[in-house]
Structure formats: structure tokens, C-alpha cells
Amino acid sequence: MENKSMAIYIRLSDEDGNVDGLIKAESNSVAAQRILIRDYIQRNFPGKADILEYVDDGFSGTNFNRPAFQRMMEDAKQGKIFCIIVKDFSRFGRDHLETGNYLERIFPLLGIRFISVNDGFDSEDCGGMTGGMSVALKNIINSMYSRDLSKKVISAMGTRAARGEYMGALVPYGYLKNPENVHQLIPDEEAAEVVRLIFTMAAEGKKKPEIARYLNEQGTPTCMEHFQKIGLKRKNHREKKKKLWSVTTVSDMLKNEVYLGKTIWNKTRQAAVGSKRQIKNDRSEWIIMEGTHEPLVSQELFDTANAKAFTHEKRNVPTGRKIQPILFCPYCGRRLSLSSWGNKYRCSQAAISGIAECKTIHVDKEGLENSILSCTRSMAGLVSAEAARKKKEWSQTAIIENEIEKLEAEKKRLSSRKLRLYEDYRTGKITKEKYRKEYGNTVSRILEIEKRIPELKDEIMQVKEQMLHMKEREAELEGLASLDTFDKEKLAAVIDSVLVYSEERIEIVWKMDDGFFAEIAGEKEVLAL
């Protein structure tokens, strides 16, 4: 397949052959899969194509949200791949429904051949189908195996936690993993001093905002900054550019019993196999082992700090979906909140950030909201005008359809010409050399046409999809163009954030995820007032 590559897909889960937490099955290792597949390619496709390799090491097969897999599918959609080879179906995925969807629908639609070496499966031999009940049963068994394996891993880890071993992947702030025993915590003296300071200040009656403000004013590195400083890889999608101690961080630390020398396991459980959503377990289900590592604070200090820090009754927080914030402080990156009177917007972290500029933000609510509404209506009007122009441009598919008709007619004529050439050769009207030359040119042109027609049909399909998307978007834009109330939910559809410096200066960052919206916004990605 000209200009296309053969893809090798390799996957290894943390749970594969790893129930005791110590060793993975060698047959499933990345190296073993690579050797098996490349040996198969060498025997069956010697020197026929370039090879692209995609490896997901440490990802579950129960879902397809894996980085290398997603890259491979993106390349497949762009026409870079003609064949995908895996060791077996379980390496491709353990969700039998989704696996069947790829084999039966997605890969045939993309014209991709799929080979599973150990299963003896080649889609080219199955006419685009998965090959019958045997493949379906294998996929179901893989799905059941994954669920069973997950239960075994959780059970094994629970058993080790009950022996007092620390089974968490990440260490709590104030501790490090013992280099000689990764299942035991040892104090991280630099961070441990900060932990003791927080508990001491709370026990002395300092409120959580006071503690956070003190740490920020002193320039104390946040938990994330400290982990990064000592070389521990930590990522948090919520972490802002300007890192600050927050009331939430201080509160969570004060309630964490790990600082009493306890190892706690099973505080949460997985919502479903392969899911990243966690559900909180009742305290009665926790596994709590005492004296498993050196405590950073005494029980007396812990109790005193908690008694004084958490004096208010628990508030009933509404369980409805939270509206995405769009108003932010440009100095600390935190959201703005309304003042107690409800007539001014201010930085929600001004009292604890330790940044002087945060305290200067006191912007009139009505004036700010009206300015944002005015800008949004203007932008919606511009995008609607561009949308109308695009619709007119895209609706002119008649030219493409006419070209397809001409190509199909030409293909029909050339097919008839092939027969006439043969008859002319047989009757001696043309020489063998001329027959070969004319026949070769005719076949070559037919192949060009057969390649071009699907491309043109794809163009028409894309236009139709764009038109459908445009219709959906138009109603939203019409609503924004006539919006007269400050509806954060509707505004968040086109606004990424609003940075508020003062009543005279705001910056609106528009969302660029929509094709024609991005084209119109262009240089206006940030609009300052």
C-alpha cells in the first residue's frame, strides 16, 4: 500500500500478571510482544511497508482512552495506516462490545486490515466481519477476565494493606517512600516541619485562611512545588500557574490521619472496572493500621487542632451541577466571587494569597456583566455573519457532484475501450506493443478515477457534516446575539475566561475549539476593554 504504513500496537497493563505487586508475565511484556509481532511481519510481509509502533505501557484494556491508541486511530483516520497488528485480542482491548465495534465497523470503514497473531485472526479472510462466534466469545472472556483480575488485584492489595504496608502510588505531603522498602513511609523533614507548623497554628486557634495566608506570605513552597523540587513527578490539571496554599489544602491536611502514624486503605473504590471515577467508602469499610510509620504530630495536637479548626456545623451543599466559572483574578488565577453585599466582584483568594494586587479588585457587578454581555453579543454577531457566508460557500456542492458524474461516465467509456482494444488486437488492427501501451494507459486512468471519486464523495460528506454542525451552532449563536441577562452557563459555551483587572480593563479569552469560530475570532482571541 503506497505511502501507507503497517501499525504495531502493544499494550501492557499494570495489572497484567501482577496480582502480587511484584512481577509481570514475561509473555505479555512490551519486549515480548514486539518480538512476536515483528517476527510475524518478517515472515508474512517481508519488506512491504514501513512500520509504525504504538505502545501503551501501564494502561488498562477495559477502555480505549489510551494515549498511544488514540494517536494510532488519529493516524488511521488521516490515511497513514493500512494494517494494524496485535499479539492477541486482549492486548487490543478487554471491552468486548467496543472491540467488536472497531473490528466490525470502524476498521472496515477506514479500509484497515486487522491482524491478531496468536488468535490466528486476519480481517482480510473474514470479509470485514469479526469471523464469527469464536472471536465474540474471546472478547467476552477477555472482558470477564479483566473484571476478575481487577478484583484479585484489589483483594491482594487489601491483604497487604492489612499487614500495615503502604500501598498508595503517591506519598502524602510530609513523607517519602523508604528506598529500602517502598511500602513503608519515612518523614520528609523539610515538608514535615511545614506539617507540624500547620497543626500548631491550628491548635493555637488560627483559622484556616490565616494559616494559608501566612504560608503564602512566607513564600513556603506548595505541596506540588515541593514534590517537583525533590524530583517527584506530580501533575494536577487544576493547578494554576501561580501556585498558592489554599484553605482546602490546609483543611485536608488537618484531617489526614496519616500524620498520626496510621496507614489507611480502602477510603474509596472504583466506580466500575476501567473507570477513573472514585466513590467514597463509609469509614466502617476502611482498613486502618496504627503505628506503621513515624507520626509527625501527636494525638493530642491532632485532636486540639481539629477541634479548633472545624468548629462550624457542616453546611448542606447543593448537589446540582456546578456552573463553570468564567471570571478570574489575573494576578493569582483564582475565580472572582461576589462581595457580601452582592454588588461587587472581588478576588476570592485576596485574603489568603499574599498578593497585594488581589486586594485591589473591587469591580461593580452590573457594569462588569453588561460589558461582557456587550462583547459577547458583538462576537456572536460577527460569527453569525461568517457562518452565513460559510454556509453559502459550502452549499455549492453541485460542482463536485458534476465532476463525479463526469468521472463515472469516463470510467464507463474506458471500461468499454478495454474490450475494444482487445478485439482490435485479436483482429490484427493494432500491434501487440500498441495494445499493451494503450491498455496500460487505460487501466492507469481507471485506477486514478476510482481513487478520485471516493475522495470527492468524502468532500461532499464533510460539507454535509459541516452544514449539520452549522445548523446546531446557529441556534446557539442567535441566543447569544440576543442575550440580555448574564447567564454564565450560556456564556461559558464561547468564553474560556474573563480576566478582570479593574472596571476599565478586562480581557476576554474566547474558546477556539470551533472551526469557524476560531477563524472569525483569529487575532481577537483575547479582547481587552
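This is a predicted model: local features need pLDDT of at least 70, side-chain atom pairs count only at pLDDT 80 or more; totals for chains, interfaces and linings use all residues.
Five strands make up an open sheet. Their order is β2-β1-β3-β4-β5, and the pairing is mixed. Strands of a sheet pair through backbone hydrogen bonds, either parallel or antiparallel.

The edges belong to β2 (50–57) and β5 (121–122). Each has a single partner strand, so one side of each is left without a neighbour in the sheet. Further in, β1 (residues 5–12) and β3 (residues 81–86) run parallel, joined by four bridges. Here Ala7 stands opposite Ile84 in β3.

## Helices on the sheet

Helix α1 (residues 30–44) packs on the sheet. It touches β1, β2, β3 and β4 (113–116). The direction of α1 makes about 155° with that of β1.

Helix α2 (residues 67–77) lies across β1, β2 and β3. It runs at about 150° to β2.

## Helix α12

Helix α12 (residues 398–426) has 29 residues. From first C-alpha to last it reaches 43 Å, close to the 42 Å expected at 1.5 Å a residue. Ile400, Ile404, Leu407, Leu414 and Leu421 are buried in this helix. Just after α12 comes Gly428, with a positive phi of about 85°.

## A crossing pair

Two packed helices are described by the angle between their axes and the distance between the axes. For α7 (residues 208–217) and α9 (residues 247–255), the axes come within 9 Å and cross at roughly 110°. That makes α7 roughly perpendicular to α9. Their crossing is right-handed.

Which residues meet where α7 and α9 are in contact? Lys208, Pro209, Ile211 and Ala212 come from α7. Val247, Val250, Ser251 and Leu254 come from α9.

Key. Residues are numbered from 1 along each chain as its sequence is written. Side-chain values use heavy atoms; hydrogens and water are left out. Two strands pair if DSSP finds at least two bridges between them. Helices (H or I, at least four residues) and strands (E, at least two) are DSSP runs, numbered from the N terminus. Contact means heavy atoms within 4.5 Å. Axes are lines fitted to C-alpha atoms, for helices over the stretch in contact, and angles run from 0 to 180 degrees between N-to-C directions. The expected span of a helix is 1.5 Å times one less than its number of residues. Buried means under 20% relative accessible area, exposed over 50%, partly exposed in between (1.4 Å probe, protein chains only). Angles under 35 degrees count as roughly parallel, over 145 as roughly antiparallel, 65 to 115 as roughly perpendicular and the rest as oblique. A crossing is left-handed if the near helix is turned anticlockwise from the far one by less than a right angle, and right-handed if clockwise.
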